[in-house]
Every structure is written in structure tokens, then in C-alpha cells.
Amino acid sequence: DEEKGPPRLRLPSGGKKTVPSDVRAQIGVVAGGGRTDKPLLKAGRAYHKYAVKRNCWPKIRGVAKNPVEHPHGGGNHQHIGMPSTVAKDRPSGRK
């Protein structure tokens, strides 16, 4: 409306904002904000969360695996048994 002047928006903070009438915008907040703040609390919920995404859960440590599955696996205790870091000029292989 030209006779009323530019539109004024009332913001949730209580302030008012004047905007041109020919602009397009969506006003509000994104739905589902803060959803990740709540803890999952149990493994079943984490299972269903990651089951629909990708196969990245559970993360099993290398020392907990068998020696045929990981270089850090095996042994009578869960320890790596070798240096876990290598020099940057080493050839590819156990890097």
C-alpha cells in the first residue's frame, strides 16, 4: 500500500523493522532447531539414527579386533604393540 508507507515487521524480540514492499522473504525460525541438543541415552536410538544414514556406527577400535581384521588387532591385551605414528617420509604400507 502506497498510502500506508513501507511495511513494518514486529520481531519476536519486540523490535520493529521496516522493509521495502517489493522484497521477498520467509519469516521465522527453522523447524527442528535444537534437536541435536538432547542426548540419545541408549544404543538403540543411536542404531536407528545411523542406520538410515550410513554404516559408520558403532566405531570399533582396531585393538579390539582380530589380527586378520586390523594391524592393531590380536594379542592377550588390548594394546597396539608398535608405534602408532610413523615418519612422513616412510613408504606406503602400514601408514
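This briefing walks through selected features of one protein structure. The model is predicted. It holds 1 aromatic pair. A positive patch lies on its surface, formed by Arg35, Lys49, Lys53 and Arg54.

**The aromatic pair**

- A pair of aromatic rings is described by the distance of the centres and the angle of the planes.
- Tyr47 and Trp57 form the aromatic pair here.
- Tyr47 lies in helix 1, while Trp57 lies in the segment after helix 1.
- The pair therefore ties together parts that are 10 residues apart in sequence.
- Tyr47 has 47% relative accessibility, so Tyr47 counts as partly exposed.
- Trp57 is also partly exposed, at 31% relative accessibility.

- Pro58 belongs to the segment after helix 1.
- Ala46 sits in helix 1.
- Ala46 and Pro58 are 12 residues apart along the chain, and their C-alpha atoms are separated by 8.8 Å.
- Ala46 is buried, because its relative accessibility of 8% is under the 20% cut-off.

**The positive patch**

- Four residues build the patch: Arg35, Lys49, Lys53 and Arg54.
- Arg54 is found in the segment that follows helix 1, which spans 43-51.
- Arg54 counts as exposed, with 53% relative accessibility.

- Leu41 is not a glycine, yet Leu41 has a positive phi of about 75 degrees.
- Leu41 is placed in the loop between strand 2 (16-18) and helix 1.
- The relative accessible area of Leu41 is 71%, so Leu41 is exposed.

**Strand 1**

- Strand 1 covers residues 8-10 and includes Leu9.
- Leu9 is partly exposed, with a relative accessible area of 28%.
- Leu9 and Val19 are 10 residues apart along the chain.
- The C-alpha atoms of Leu9 and Val19 are separated by 7.6 Å.

Terms used
Residues are numbered from 1 along each chain as its sequence is written. This is a predicted model: local features need pLDDT of at least 70, side-chain atom pairs count only at pLDDT 80 or more; totals for chains, interfaces and linings use all residues. Side-chain values use heavy atoms; hydrogens and water are left out. Patches are made of residues with over 30% relative accessible area and no salt bridge: like charges are joined within 9 Å, nonpolar side chains (Val, Leu, Ile, Met, Phe, Trp, Tyr) within 5 Å. Accessible areas come from the Shrake-Rupley method with a 1.4 Å probe; for residues, only the protein chains shown count as cover. A salt bridge is a side-chain nitrogen of Lys or Arg within 4 Å of a carboxyl oxygen of Asp or Glu. Lys and Arg count as positive and Asp and Glu as negative; His and the chain ends are not counted. The place of a charge is taken as NZ of Lys, CZ of Arg, CG of Asp or CD of Glu. Helices (H or I, at least four residues) and strands (E, at least two) are DSSP runs, numbered from the N terminus. Buried means under 20% relative accessible area, exposed over 50%, partly exposed in between (1.4 Å probe, protein chains only). Rings of Phe, Tyr and Trp (its six-membered ring) pair if their centres lie within 6.5 Å; planes under 30 degrees apart count as stacked, over 60 as edge-to-face and the rest as tilted.
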